[in-house]
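Please keep the structure in view while reading.

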Amino acid sequence: MAVLEEPIKEVLDIKNYIDGEWVESAGEVKDVVNPATGKVIGKVPISTKDEIDATVAAAKEAFPDWRRTPPLARARCLFRLKELMEENFEELSRVQTMEHGKTIDESRGETRRGIEMVEVATGIPSLMMGYNLEDIVTGIDEYLIRQPLGVFGIIGPFNFPFMVPLWFAPFAVATGNCIVVKPSSEDPISQVKIAELTEEAGIPPGVWNVVHGGRTVVSGMLNHPDIEGICFVGSTPVGRDVIYKGCGDTGKRVIVMCGAKNFALVMPDADLNRAIAACMTSFYGNTGQRCLANANLIVVGEGLSKEEHDAFYDKVVDAFVTAASRIRMGYGLDDTVHMGPLRDAGKKEKVLRYIEKGIEEGARLRLDGRKVELVGDLPDTCFVGPTVFEDVTLDMAIAREEIFGPVANMMKASSLDEAIEMIHRIPFGNAASIFTASGKWAREFQYRVECGNIGINIGIAAPMAFFPFSGMKDSFFGTLHGQGQEAIRFFTESKVVIQRWF
Ligand code: NAD
């Protein structure tokens, strides 16, 4: 066991970052706990309505100067931010592991993806260009320009504390807007570290603000007349009923990215070794706390007799269970560990309740994650091991509801048609994967499945920073998505000018 050095050595007194200043909050304070060790690593404030109001006022004041800053000068700030993130890459990654629990490799992947958002946003002079046409009528030209709108709110979930706010923040700032980021209060430290770097990168005061807290801050954003739009990533009930509805009531533009229950299909012609390896990352990576994680695996018997299908199913499930039993659990800063804890004891309780429910519903518990063996001497407060259920059907809660933990459900479908129909029977539409060598089956799958992110021989279909991060049905509300060109459109208004040349 080789535990890497912890970058957080004493309990951090976390402050809000408002108008370029680190400001103490008057709100109550909550502990930020390292879920692997149980140690308190920070004290985060639950900010007040006055504090969110003051932040929006500061951002609004910073807006006129920032929007007049030429796009290339704004891009230079982002180049500096990217360089600083590279210089601090390892520290940023270890902080994520300490505050969230994920393994260091997973954190490094998250840091890389976050940096890529900043890199893509540095292309703003080209990304933000409009277009024009001469002589729409002789002597009259018409052109379109994109303009920033003002202040945007960004509300993050706990599961990717570094990367998710960066699906939006660099694009908002690059286009000339100012932002207020509200990280999850469960793991807010990564966004503090980013804010420190924005200061060093020369992003002017008031442009990039961070306010910690919960519902008060969120409703303060939703009801604030000077917030133009909100980007939210989190659970479906909050996203749909609080954020999407709230933005509808107050007329704000909105991106709402929500919960998921994703399927992986294994076809008879799949490369099984590769499919199982991909499934391990997909089902158990980030301890199952990932909106793109697969949760239901369907072994498809297309073209097989019943006996052949049964034998194929057994082969896939055996290989899955064997690989899952080899997963080593422990502190993510130990780089021999494959899977860390869940974020907190409450999340563990929820996963354990679902395991009990699965048993009650008649699913067969093939691998029991309630019995955990940990690498190192750690409290097992937040750990649940890889779990596998067999004989799962879609009327069971474990198959329909988002568990957000390391629980895999094994299912059967006799044909691709039936498997696609099963995917469509649940309300979510975030992601789906197929493992196959057949171009025909892959094409059929990507064409018909009602999910925003499709993986073909890929377990985690995470779009790169220059593609939109999509989603359908109860996994997404809004029109435009985060990342790339769609984010540029979200954060700008098109203005059309018609000019007569006398
Ligand atoms: P959550 O909905 O509990 O919290 C998200 C944010 O909303 C947090 O900042 C939280 O403080 C705030 N919040 C929570 N309850 C609120 C309320 N009642 N009123 C106002 N604000 C509130 O989500 P979470 O547990 O932090 O994150 C996990 C969820 O996020 C999962 O459902 C996961 O699938 C989803 N997620 C989706 C995507 C995607 O791209 N679709 C990506 C990552 C996570």
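## Asn430 and its surroundings

Leaving aside neighbours within four places in sequence, Asn430 is in contact with Gly259, Ala260, Asn262, Cys291, Leu292, Cys451, Gly452, Asn453, Ser470, Gly471 and Ser475; contact means heavy atoms within 4.5 Å. The model is predicted, so local features need pLDDT of at least 70 and side-chain atom pairs count only at pLDDT 80 or more, while totals for chains, interfaces and linings use all residues. Residues are numbered from 1 along each chain as its sequence is written, and side-chain values use heavy atoms, with hydrogens and water left out.

Asn430 sits in the loop between β20 (428–429) and β21 (431–435). Helices (H or I, at least four residues) and strands (E, at least two) are DSSP runs, numbered from the N terminus. Asn430 counts as buried because its relative accessibility is 3%; buried means under 20% relative accessible area, exposed over 50%, and partly exposed in between, with a 1.4 Å probe and protein chains only.

## Cavities and a pocket

Asn430 also belongs to the lining of the second largest cavity, together with Val233, Met257, Cys258, Cys291, Phe469, Ser470 and Ser475. On a 1 Å grid over the protein atoms alone, a cavity is a set of points where a 1.4 Å probe fits but cannot get out; a pocket is an open set with protein on both sides within 12 Å along at least five of seven lines, and lining residues have an atom within 4 Å of a point. Grid points are joined across faces, edges and corners, and a volume is the space filled by probe spheres set on the points.

There are 3 cavities of 30 Å³ or more. The largest cavity is lined by 13 residues, and those closest to its centre are Ala260, Gly288, Ala295, Glu402 and Phe404. In the second largest pocket, 15 residues form the lining, with Ser325, Ile327, Lys371, Glu373 and Pro386 nearest the centre. The elements that give two or more residues to this pocket lining are α11 (306–325) and β17 (374–375).

The table gives volumes and lining classes.

| Space | Volume | Lining residues by class |
|---|---|---|
| Largest cavity | about 100 Å³ | 6 nonpolar, 4 polar, 3 charged |
| Second largest cavity | about 40 Å³ | 5 nonpolar, 3 polar, no charged |
| Second largest pocket | about 260 Å³ | 8 nonpolar, 3 polar, 4 charged |

Here Ala, Val, Leu, Ile, Met, Phe, Trp, Tyr, Cys and Pro count as nonpolar, Asp, Glu, Lys and Arg as charged, and the others, Gly among them, as polar.

Helix α8 (residues 215–222) has Val217, Val218, Gly220, Met221 and Leu222 as its buried residues. These buried residues pack against α1 (49–68), β8 (151–155), β9 (178–182), β11 (227–233) and α9 (236–250).

Glu356 lies in helix α12 (residues 345–361). Glu356 counts as partly exposed because its relative accessibility is 38%. Its C-alpha atom is separated by 9.8 Å from that of Ile398, 42 residues apart along the chain.

## The chain as a whole

The protein chain contains 16 helices and 25 strands. Buried residues make up 58% of its 502 residues. Of the contacts with a separation of 6 or more, 75% join residues 24 or more positions apart. The C-alpha atoms fill a box of roughly 80 × 65 × 40 Å along the principal axes.
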